[in-house]
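User: Please walk me through reading helix packing and sheet order in a structure.

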Amino acid sequence: MGDYLRPRGLEEALQALTRPFTVLAGGTDFYPARVGRAVVEDVLDIAGIPALRGISETSAGWRLGATTTWSELVEADLPPMFDGLKQAAREVGGRQIQNAGTIAGNICNASPAADGVPALLALDAEVELACCDGSRRLPLASFITGVRTTARQPGELVVALHVPRSRAEARSAFLKLGARRYLVISIAMASTLVEVEDGKVKAARVAVGACSPVAQRLPALEQALVGATVDAHLGERVAPSHLAPLSPIDDVRGSAGYRSEVALVLLRRLLSKVAT
Amino acid sequence: MKLEFTLNGRAASWQGEPVTRLASALRDDLGVTGTKIGCDAGDCGACTVLLDGRQVCSCLVAMGQIEGRTVETVEGLETGPDAMAALQQSFLDHGAAQCGICTPGMLMAAQELVRRNSKPSRSEVEDFLGGVLCRCTGYGKIVDAVMDVVAPVPATAPAAGGAVGSRIVRVDGPAKVMGRDLFGADAIPRDALWIRVIRSPHARARFELGDLEPLRRRLAAVLTAADVPFNGYGIYPDIKDQPVLAAGQVRYRGEAVVALVGERAEVLAIRDDEVPITWKPEPPLSGVDAATAKDAPLVQADRPGNLLLKGGVKRGDAAAAFDACAAVAEGTFETAFVEHAYIEPEAGWAWRVGDRIEIHATTQTPYMDRDEIANLMRLKPEAVRIVPTACGGGFGGKLDLSVQPLLAIAAWTLGRPVALVYTRPESMAASTKRHPARVSARFGCDAEGKLMACDVTALFDTGAYASWGPTVANRVPVHAMGPYAIPNVRTWGEAFFTNGPPAGAFRGFGVPQAAIAHEAMMDELADRLAIDRLEFRHRNALRAGDTTATGQTLAHSAGLAQCLEALRPHWRRAHEEIAAFNATGGARRRGIGIGCMWYGIGNTSMSNPSRMRVGLSPAGTLTLYSGALDIGQGSNTIMVQIAADAVGLPVEQFKLVTGDTDLTADAGKTSASRQTFVSGKAAEKAGQDLRQQILRLANAGPDAVLSLEGATLSVRDGAEVRTIDLATSGPLMGEGTFDPPTTPLDADGQGVPYATYAFAAQLAEVEVDVELGTVKVLRIVAAHDVGRAINPTLVEGQIQGGVAQGLGLALMEEYLPGRTENLHDYLIPTVGDVPEIECLLIEDREPLGPSGAKGIGEPALVPTAPAILGAVHHATGVRVHRVPLLPHRLREAIVALERNRT
């Protein structure tokens with residue numbers, strides 16, 4: 001049995017991380033990876049650090065504390081630009097997982113099918129990492145580097161995600177496809193945030209998950225949406241060529257070809273949904 | 001670490017390793033075992049508790065996070081000593097608990113909701129219960145129980161003689177909704193040693209064990225094949241082909257190789273790679289084609305061609321009759337390995353009591369376990385006592401031995417209690433599965449739509465060991481023509497060994513696979529002749545007086561036509577609604593389908609007797625001694641109902657002793673939908689026997705009315721009342737035995753394989769998203785001829801649960817060794833996937849059965865997948881030849897169909 005540290009302060013946690021620890025927060029990825037065997041590694045439990053929890057508004061936007069749970073996010077008073085993330089939050093596992101699982105845990109676990117990631121990409125979220133020597137921020141797209149790998153260095157802790165304020169009226173939405181209604185790993189999912197001015201798309205961000213090792217933004221589609229009228233036809237702007245950043249695979253949940261096809265369908269529906 | 005928190009309103013303290021899971025601390029250290037563990041991975045929700053008022057999976061919470069917080073478990077729901085909360089009462093009254101293993105988690109998930117909103121909507125209930133899996137109920141009665149929490153349904157308490165047919169609550173229900181029922185892992189002695197099994201990571205390999213002495217010095221024992229007195233078991237007396245521990249070679253991934261026995265923490269701390277095993281993997285045989293290929297290696301050396309069994313039914317001249325048919329349909333249909341996914345993993349403990357071994361474990365079949373353990377241990381059957389725990393779901397998967405042999409071997413030699421609880425991945429890897437099937441069917445009819453000929457060949461992958469493979473291969477040819485009168489029939493079944501998991505018994509014994517084929521053929525023939533699909537089936541339905549393909553004339557109780565007639569108004573309404581919906585266009589298209597089935601109750605052409613006893617003690621205690629195991633289906637309750645009416649005393653006066661092989665007689669196994677029909681008849685006879693004894697003592701006539709007060713039994717015969725003082729008259733014991741009359745099948749499959757058959761027809765309405773390939777089942781209407789519903793609530797529960805499993809078979813369930821060995825990759829339906837299921841009970845009495853009853857367990861599942869697949873065809877034009885119909889498979893089929901049309 002290894003050590004178990006449960007600091008109350010961030011400094012204490014960062015001090016501890018000068019040697020290797022497995023970080024534990026909501027436990028929803030930690031324990032499933034340890035079924036039927038003893039836990040032997042040293043564990044740093046960050047769930048008791050008040051500074052890491054909760055959502056606050058800043059001059060630049062919003063700070064989502066690392067250990068904010070999905071349920072806390074859903075219940076937070078946030079503008080419509082967060083609707084997509086809230087919709088995604090309601091699709092993470094079952095309600096038990098939403099009550100325990102944390103936003104930072106979702107990105108650090110770095111599953112290709114992490115339900116939170118497409119919506120956070122659409123929000124242009126930045127990841128704040130801290131270590132004893134200071135802190136740094138990097139875009140979420142740079143933070144997740146591959147299947148279950150991130151840019152987090154030994155000694156670093158994700159302390160928050162930062163979501164910038166949008167320049168215009170912003171709407172967002174999320175769609176997930178799975179083979180059953182609840183508690184299901186996504187076959188494909190998509191999220192978007194559209195900034196609207198005078199009934200037209202001023203800017204858009206669109207991301208697709210579970211169709212590549214890391215969820216991907218679709219820059220060509222985002223460009224193609226600019227200037228479009230925001231109505232039920234918005235989805236018609238989606239073209240197969242926009243999916244170029246995706247690299248879906250065959251697995252038990254679906255074939256690669258199927259994923260490409262349904263990503264297109266989800267995107268069309270998503271954009272129609274966000275526009276109406 | 002030592003910490004304080006609030007548990008169910010009281011201060012609690014706990015000491016231990018902070019990384020301990022809350023679920024384990026509750027169960028192992030704090031003695032509250034109402035919280036169940038189904039997966040330890042947050043996939044099933046059985047361990048759901050409230051943490052500061054919110055539902056969480058207690059298997060995912062570190063005790064280090066509990067200091068100062070508030071934990072509520074099922075034990076905390078009670079409003080006073082033995083006083084159920086409204087939610088618990090509502091679950092009990094609605095029949096929302098079947099096996100009861102998910103019930104505590106369901107209750108806690110629901111509690112979070114009803115505390116916020118006592119009148120929740122259906123969709124709110126689904127959202128809150130979405131994270132708790134139930135494999136028994138199909139969720140309908142659970143959702144109703146939560147929605148009706150403030151509007152209790154009145155309890156049913158029938159008078160003496162009125163129990164059969166009434167909706168009494170389960171006799172074991174209060175224990176289940178109060179979290180007090182004890183399952184396989186719930187009452188393990190604190191001083192027990194634990195077993196951890198090292199299993200094969202290869203589907204086919206030879207292996208050598210290295211030096212085990214270092215491990216033996218650390219542990220109480222390290223068991224290998226050499227420690228098993230007789231290292232072979234299996235369902236059939238002449239096929240003991242499965243080793244308890246593999247000897248030098250493994251035949252499937254997950255096969256047990258070495259058992260570590262020691263203190264729990266010690267065996268858990270040993271890594272698999274610390275056990276010295278040198279593997280020499282060989283290419284595995286995967287699927288029937290590989291097993292039957294020329295020069296295929298043999299899975300079992302004494303099974304040439306990898307063939308387990310073949311056989312069939314032949315009547316008339318099918319080949320010639322096809323020539324005269326106006327329409328002929330044919331097709332081949334394939335199914336996958338399907339996992340039972342009971343929420344309770346295999347678990348139990350054993351100890352040696354003198355020269356006897358006593359095993360407390362979850363099972364469906366205590367007497368078969370007893371005899372198998374005796375054979376493995378080289379003991380007399382009387383030296384083995386099986387004490388079944390509550391069974392958290394079985395569905396056929398707990399008919400085979402699991403934890404029992406290793407428990408017996410270890411406890412016999414170590415002289416201490418020994419426990420074994422499978423993990424979820426272990427349960428899935430080690431246990432039996434539904435047989436993958438390839439069913440090739442050809443059916444022909446005349447111009448009026450009268451079926452004239454059928455030819456069906458079913459090939460089954462029976463996996464590495466025989467298990468119940470012969471049962472499947474025997475049963476399917478009898479059923480493969482469907483519940484229809486067909487004069488010319490040839491059906492054939494063959495089962496082959498492969499390096500897949502052992503395929504065994506799973507609700508329906510191969511008949512659900514065959515039904516997918518024969519029902520697709522019915523649809524094709526009906527469509528071809530432009531006859532309504534329901535009317536086509538009605539025209540051909542087996543009816544009383546008809547002769548089956550095995551030459552058996554059905555004298556009574558063949559209610560398929562009545563089932564179809566009951567569905568007819570629903571069928572017509574749905575057609576109109578669907579046409580209107582589809583006329584609006586769009587990516588979503590609706591369809592309706594229908595599935596029919598018949599199912600022989602009990603063993604195929606083999607004796608399967610049940611014996612039951614009803615005792616009346618000198619103190620006036622009335623006890624039903626029932627060896628029939630209730631695995632959630634409700635046999636405990638209906639046996640009491642049947643016995644109560646047979647004696648003529650009310651249900652409330654009965655005590656129930658069940659399962660223990662020392663205390664009850666052999667009532668056979670809980671399988672083949674046989675308990676109501678076979679054991680129920682034995683219970684009826686036992687009750688009648690006791691009544692006869694009482695009437696003789698009182699010298700009273702057959703219509704006398706009994707009443708029991710303390711040790712005084714009053715017998716009112718007309719105006720005269722005689723009393724019997726039981727203290728002086730001595731104990732009374734009524735006994736009843738029933739073995740359904742069958743005959744062996746000859747080489748052409750002719751004979752009487754079953755004494756009676758259940759019949760059913762179900763319709764399914766679905767909505768297909770043609771762009772995504774997803775199928776949402778909107779509604780199921782299920783009409784079942786059950787002979788007589790002893791307890792309609794329980795019958796509905798069986799139907800709804802069977803439908804949910806049929807839906808899973810059709811749309812999502814596929815076990816792939818090494819790939820879907822957990823409950824997030826292997827998908828079973830959640831509360832959001834199972835639609836409203838309306839049950840129509842047809843009661844075409846079977847004279848042989850108790851009060852006319854037959855069986856319902858397996859029949860409930862069989863028609864569902866065919867109905868759903870027929871509805872998909874109706875919606876899209878796609879004829880499905882492979883299940884599960886995963887979204888990508890349906891989408892690919894839709895694309896192919898569109899391509900062919902253009």
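User: What do the buried residues of α5(B) pack against?

Analyst: Contact means that two residues have C-beta atoms, placed from the backbone, within 7 Å. The buried residues of α5(B) pack against α2 (86-94), α3 (103-116), α4 (122-129), α21 (792-811) and β31 (836-842) of chain B. This is a predicted model: local features need pLDDT of at least 70, side-chain atom pairs count only at pLDDT 80 or more, and totals for chains, interfaces and linings use all residues. Residues are numbered from 1 along each chain as its sequence is written, with chains lettered from A and ligands numbered from 1 in the order written.

User: Why is helix α5 of chain B largely enclosed?

Analyst: Buried means 20 or more other C-beta atoms within 10 Å of the residue's own; exposed means 12 or fewer, partly exposed in between, with C-beta atoms placed from the backbone. Six of the eight residues of α5(B) (140-147) are buried, so the rest of the structure largely encloses this helix. Those buried are G140(B), K141(B), I142(B), V143(B), A145(B) and V146(B).

User: In which order do the four strands of the open sheet in chain B run?

Analyst: Helices (H or I, at least four residues) and strands (E, at least two) are DSSP runs, numbered from the N terminus. Strands pair if DSSP finds at least two bridges between them. Here the order is β24-β23-β22-β28 (chain B), with mixed pairing. β24 (654-658) and β28 (732-738) of chain B are the edge strands, each pairing on one side only.

User: In which sense do β22 and β23 of chain B pair?

Analyst: Antiparallel: β22 (610-616) and β23 (622-626) of chain B share four bridges. G615(B) stands opposite T623(B) in β23(B).
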